[in-house]
Amino acid sequence: MDDCLFCKIAAGTIPAKEVYRDDAIVAIEDINPQAPFHVLVMPVKHFANAGVLADADEALLGRVVAAASRLGRGSDPLGYRLVVNTGAHGGQTVDHLHVHVLSGRAMQWPPG
Ligand code: 5GP
Ligand code: ZN
C-alpha cells in the first residue's frame, strides 16, 4: 500500500522508535502515548483491520496478538491493556491493523 503510513513505518521509510521486530511483525512506540507505556504492534504486510487479517492469515493474527501480549507482560507487572480499534465506530484512524499495548497506569472501564 503506497499511501499507508504504517506500511512506510514498517518498511523503514518513515522513522519510528522500534521496540520489537521479527520477520513478519514490527512494534513501535506510539507518537502520542496515552499511558506511560504505549506501543503499537503490527504486521509488516498491509492488512486493513483485524477482521481482514483473520480471514487472510489467522496464524499471523495470532502472532501479532502473542507479540503484543509478551510486550505487555514485560512492561508492567501489574498488568496491561491490548486494544484493537476497528473501523469508524471503533475509533480506528490508521487503516493498517495494529494492536495497542498500554500499561504503566491503572486503566479505566468502560472505554470512551
Ligand atoms: P488508531 O486510532 O488507528 O487505533 O491508532 C493509531 C495510532 O497511531 C494512534 O495512537 C496515533 O497516536 C498513532 N500514530 C499516528 N501517526 C503516527 C506516526 O507517525 N508514528 C507513530 N509512531 N505513531 C503514530
Ligand atoms: Zn499498511
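Cys-4 is buried, at a relative accessible area of 7%; buried here means under 20%, exposed over 50% and partly exposed in between, with a 1.4 Å probe and protein chains only. This is a predicted model, where local features need pLDDT of at least 70 and side-chain atom pairs pLDDT 80 or more, while totals for chains, interfaces and linings use all residues. Residues count from 1 along each chain as written, chains are lettered from A and ligands numbered from 1 in written order, and side-chain values use heavy atoms, leaving out hydrogens and water.

Cys-4 also holds metal: its SG, together with Cys-7 (SG), His-46 (ND1) and His-96 (ND1), coordinates the zinc ion (ligand 2) at 2.1 to 2.3 Å. Donors are N, O and S atoms within 2.8 Å of the metal (3.2 Å for Na, K and Ca), and sites may look incomplete because water is not among the atoms. Angles of 107 to 115° among the four donor atoms make this site tetrahedral (for four donors, all angles between 85 and 135 degrees). Along the chain the donor residues follow C-x2-C-x38-H-x49-H. Cys-4 sits in the segment before α1 (5-11) and His-46 in the loop between β3 (37-43) and α2 (50-56), so this pair ties together parts 42 residues apart in sequence. Helices (H or I, at least four residues) and strands (E, at least two) are DSSP runs, numbered from the N terminus.

Now for the sheet. Five strands form an open sheet in the order β1-β2-β3-β5-β4, with antiparallel pairing; strands pair if DSSP finds at least two bridges between them. The edge strands, β1 and β4 (80-83), each pair on one side only. From one strand to the next, the twist averages 20°. A hairpin of three residues joins β1 to β2.

| Strand pair | Bridges | Facing residues |
|---|---|---|
| β1 and β2 | three | Tyr-20 and Ala-27 |
| β4 and β5 | four | Tyr-80 and Ser-103 |

Helix α3 lies across β1, β2, β3, β4 and β5, at about 160° to β3 (axes are lines fitted to C-alpha atoms, for helices over the stretch in contact, with angles from 0 to 180 degrees between N-to-C directions).

Terms used
Tetrahedral: all angles 85-135°; square planar, octahedral: opposite > 155°, others 65-115°. Contact = heavy atoms within 4.5 Å.
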